[in-house]
Each structure stands twice: as structure tokens, then as C-alpha cells.
Amino acid sequence: MNFISILMGSKSDYEIMKHCADTFEKFNVKYELVVSSAHRSPERTKIYIKEAEEKGAVAFIAAAGMAAHLAGAVAASTTKPVIGVPMKGGAMDGMDAMLSTVQMPAGMPVGTVALGRSGAVNAAYLAMQILAITDKELSTKLKEDRIVQAKKVESDSKDVEV
Ligand code: RP5
């Protein structure tokens with residue numbers, strides 16, 4: 001069973017990451033969401049990644065704030081694509097987490113998305129685009145979604161045009 005695995009460093013990350021889960025729900029894409037920390041539960045994280053891969057995880061999404069090592073720790077344990085979502089809340093209001101998530105050494109990529117709701121949603125979209133390489137139905141849904149987005153821009157414009 002192909003699915004996308006979402007890890008969060010803390011339950012406190014859920015407020016933002018629910019937007020990621022909601023996006024998968026909207027497209028009827030299978031996902032799993034767990035709390036597991038690079039620092040507070042390193043063994044759990046490692047074991048979970050192995051089990052998730054065995055169950056059919058195609059890609060991992062890892063959300064963390066502050067030192068934000070989770071995405072890097074996940075990348076260290078898998079060769080599946082890893083998408084990092086930096087969380088706000090640290091001393092630099094997320095800029096710290098963003099730099100920590102994005103600055104991976106060569107050969108250990110973490111595809112890093114933006115802070116906040118947009119990043120959480122885009123993590124789901126990016127993961128779905130990976131799934132859509134081999135899933136024609138999902139690929140069609142993503143193309144239809146682009147049309148919906150373009151139409152919304154037009155109708156939004158009509159609301160304010162003078
Ligand atoms: C990170 O530390 C978590 O991902 C979270 O963003 C941040 C704070 O965690 P809590 O203290 O709220 O559990 O590891």
C-alpha cells in the first residue's frame with residue numbers, strides 16, 4: 001500500500017501540519033501521521049522509518065521547529081524523498097528552523113518548503129506530485145486542481161476589479 005508518511009517533532013506542530021493532512025484528505029491520498037522527535041525519541045524515529053518503508057511509504061514529510069533536525073535525521077535513515085517543513089516558534093520565529101532544515105550536506109537532500117500553512121500544504125502537493133509520477137488518476141486530479149486555482153484567480157479578480 002503506497003502512502004506518504006508525515007512525522008512531526010512535537011504535537012505542538014499539528015496546528016500547522018493539519019493543513020498538510022487536510023490536503024491529502026482533499027485528494028483522497030493515503031497518509032500516516034506520527035509524532036516522533038529527532039532528539040526526544042531518536043530510536044522511535046529510526047524504527048518508525050524502517051517500519052513505514054516496509055509498509056509502503058513512498059516519501060517522508062518531516063516537520064520540526066527550533067533546532068529542526070528531524071528532516072535531516074529522517075534523511076539519514078532513508079533513501080526515499082524527504083520533504084522538510086520548518087516550524088515557527090524558535091528564537092528567530094522560524095528562520096532558524098528554515099535554515100536548519102534546508103542546509104543539508106551534499107548527498108543528503110531535504111526538499112525544504114516554506115514556513116506556515118503554505119509550506120504545510122505545499123509539502124503535501126510536492127509529495128503528491130511524486131506519487132503522480134506513477135499514479136495517472138492522481139496526475140489528472142493535480143492537473144484539474146491547477147484549472148480550479150486559475151479560475152479562482154479570475155473570479156477573485158472580478159470581486160475587486162474596477
Ligand atoms: C521541535 O521543537 C518540535 O518540532 C517543535 O516545533 C519544537 C517545540 O516542541 P515542544 O516543546 O512544543 O514540544 O522539536
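Two residues are in contact when their C-beta atoms, placed from the backbone, lie within 7 Å. This is a predicted model: local features need pLDDT of at least 70, side-chain atom pairs count only at pLDDT 80 or more, and totals for chains, interfaces and linings use all residues. Residues are numbered from 1 along each chain as its sequence is written.

Q: Which residues does D13 touch, not counting those up to four places away in sequence?
A: By that contact rule, D13 touches M8, A63, A64, G65 and M87.

Q: Why is D13 called buried?
A: A residue is buried if 20 or more other C-beta atoms lie within 10 Å of its own, exposed if 12 or fewer, and partly exposed in between. D13 has 24 such neighbours inside 10 Å, so D13 counts as buried.

Q: What makes R40 exposed?
A: R40 has 11 other C-beta atoms within 10 Å, so R40 is exposed. The unreviewed UniProt entry annotates S10, D13 and R40 as "binding site"; such annotations may be inferred rather than shown by experiment.

Q: How do you know that α6 lies largely in the open?
A: Of its 25 residues, the number buried is zero, so helix α6 lies largely in the open. Helices here are DSSP runs (H or I, at least four residues), numbered from the N terminus.

Q: What makes the span of α6 close to the expected one?
A: The expected span is 1.5 Å times one less than the number of residues. Helix α6 (residues 136–160) reaches 37 Å from its first C-alpha to its last, close to the 36 Å expected.

Note on methods:
Helix = DSSP H or I, 4+ residues; strand = E, 2+ residues; numbered from the N terminus.
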